[in-house]
Amino acid sequence: MNTMLETSELPAVFDGVKLAAVAAVLYVIVRCLNLKSPTAPPELMYQDSALARFLLKSCPLLTKEYIPPLIWGKSGHIQTALYGKMGRVRSPHPYGLRKYLTMPDGATATFDLFEPCSEHCTGEDVTMVICPGIANHSEKQYIRTFVDYAQKNGYRCAVLNHLGALPNIELTSPRMFTYGCTWEFGAMVNYIKKTYPQTQLVVVGFSLGGNIVCKYLGESQANQERVLCCVSLCQGYSALRAQETFMQWDHCRRFYNFLMADNMKKIILSHRQALFGDNMKKPQSLSDADLGKLYTATSLMQIDDNVMRKFHGYSSLKEYYEEESCLQYLHRIYVPLLLVNAADDPLVHESLLSIPRALAEKRENVMHVLPLHGGHLGFFEGSVLFPEPLTWMDKLVYWILCLTWGFLKLALASKWKPMIMNLQDFFCELNLFERIFHGELLYSLRD
């Protein structure tokens, strides 16, 4: 009798174990996919100015919820992984011409030029100068999607190919791209200005490219001439502080660090002959021993210390990170500046976000946009499972660029004189309106 009771109780025990296991799996899925996280409009930091009010009134993406794909879109890791692996879905193939520029040190900079497919909404000639993320170039899918969208909306696009990033372009000097070297980007911008003297420029930087474009604009007031506005997407602002957080395991940053370091090693080793060969004039501090250290490196900091900083002769890793970061240049940018990050970006630690927030609190020309979700350069949109080709980020950049240009056109027409006087006073500190519009806008405001 007792045996029969024990036998009847066993299935109930097994059923309870199964239910507990299923519940545990569901709990892990909910936590990993962050399904309980709410959707909300992006958090905005800005000063009350005419331009900020105009953008908030006219751009619905700044005030409405960003809704990622239901199943996986609230996970910053999945958004980041999809961006890293796929770039974008159903990416188009815009046609561009590759341009080659010889740098003073013998390096060959390349960029791809894409002509507009339609007239710009303002009827003006506008060129978008784009700097991709780390080790990226114009052939990456997220760049192709972005360029195709920009072309169809009337923008000429110039996309920098980071030095050494293209697998079929050999290095012609013992130097690669670094975290904040602006030489190649500056050469591309100067080419555009010279070749298209009537064009106005809008500047866009992705991740590491965001650091480069902000540093470039802040390095010299002349670099901001004919620039209408700048958009920086998912950058970390301070290389020194960012690399310290990359050694931490929370949000798997140490794992991401290892993956990016492995990719950098492959790129450097693919140019081993140009960088370490005896027939090349190597930087004095770069030796064959550094090549051995490169093989065993497991983090970007080790690669930067043993190889990257020596391309420009920095004496220490701290000096390299401080000099190559845009942090010390951000306050010198006077054109409208949009800084975009995601709260769940696994690569950008939340402590780094205090930098753009503090800047936006002090500067009338700066707005910081922080959606809850999006990961690192993900920002996919879609209903349940499958993402759309265009992302929330692609659309936001287009909206901001068009509206900022439209705002300045309205100012030129003197329709909003009372509302833009603060903005006029702000820009007049460096006479940037005179330089952007050759004096026409500023004089119309003074009438």
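Which residues lie nearest the centre of the largest cavity? Select Leu51, Leu55, Leu337, Asn365 and Met367; they are among the 14 residues that line this cavity. The elements that give two or more residues to its lining are helix H2 (50–58), S8, S9 and H15. H2 gives the largest share, three residues. Helices (H or I, at least four residues) and strands (E, at least two) are DSSP runs, numbered from the N terminus.

The volume of the largest cavity is about 120 Å³, and the whole structure has four cavities of 30 Å³ or more. On a 1 Å grid over the protein atoms alone, a cavity is a set of points where a 1.4 Å probe fits but cannot get out; a pocket is an open set with protein on both sides within 12 Å along at least five of seven lines; lining residues have an atom within 4 Å of a point. Grid points are joined across faces, edges and corners, and a volume is the space filled by probe spheres set on the points.

**Before going on**

This is a predicted model, in which local features need pLDDT of at least 70 and side-chain atom pairs count only at pLDDT 80 or more, while totals for chains, interfaces and linings use all residues. Residues are numbered from 1 along each chain as its sequence is written, and side-chain values use heavy atoms, with hydrogens and water left out.

Colour by pLDDT, the predictor's confidence in each residue, from 0 to 100. The chain mean is 85, with 83% of residues at 70 or more. Next select residues 415–447, where pLDDT stays under 50. The model has 69 contacts (heavy atoms within 4.5 Å) beyond four places in sequence for this stretch. Where pLDDT is low, the predicted coordinates should not be read in detail.

**The annotated site**

Select Ser207, Asp345 and His376, which an unreviewed UniProt entry annotates as "active site". UniProt positions are given in the numbering used here, feature names are shortened, and annotations may be inferred rather than shown by experiment. The three span 170 residues in sequence, yet no two of their C-alpha atoms are more than 11.2 Å apart, so they gather at one spot. From this set, Ser207 and His376 are in the lining of the largest pocket.

Zoom to His376, in the loop between strand S9 (366–370) and helix H15 (392–412). His376 is buried (under 20% relative accessible area; exposed is over 50%, partly exposed in between; 1.4 Å probe, protein chains only), at 4% relative accessibility. Its contacts beyond four places in sequence include Ser207, Cys234 and Asp345. The side chains of His376 and Asp345 are joined by a polar contact of 2.8 Å. A polar contact is a pair of N or O atoms within 3.5 Å; within protein, one must be able to donate a hydrogen and the other to accept it, and residues adjacent in sequence count only if both atoms are side-chain atoms.

Asp345 is in the loop between strand S8 (337–340) and helix H14 (354–362).

**The largest pocket**

This pocket holds about 1,100 Å³ of space. Of its 44 lining residues, select Tyr83, Ile134, Met260, Leu347 and His376, the closest to its centre. Helix H9 (253–270) is one of the elements that give two or more residues to the lining, and its seven residues are the largest share.

**Two backbone stops**

Select Cys234, in the loop between strand S7 (227–233) and H8. Cys234 has a positive phi of about 60° although it is not a glycine. End at Phe379, whose phi is also positive, about 55°; Phe379 is buried, with a relative accessible area of 0%.
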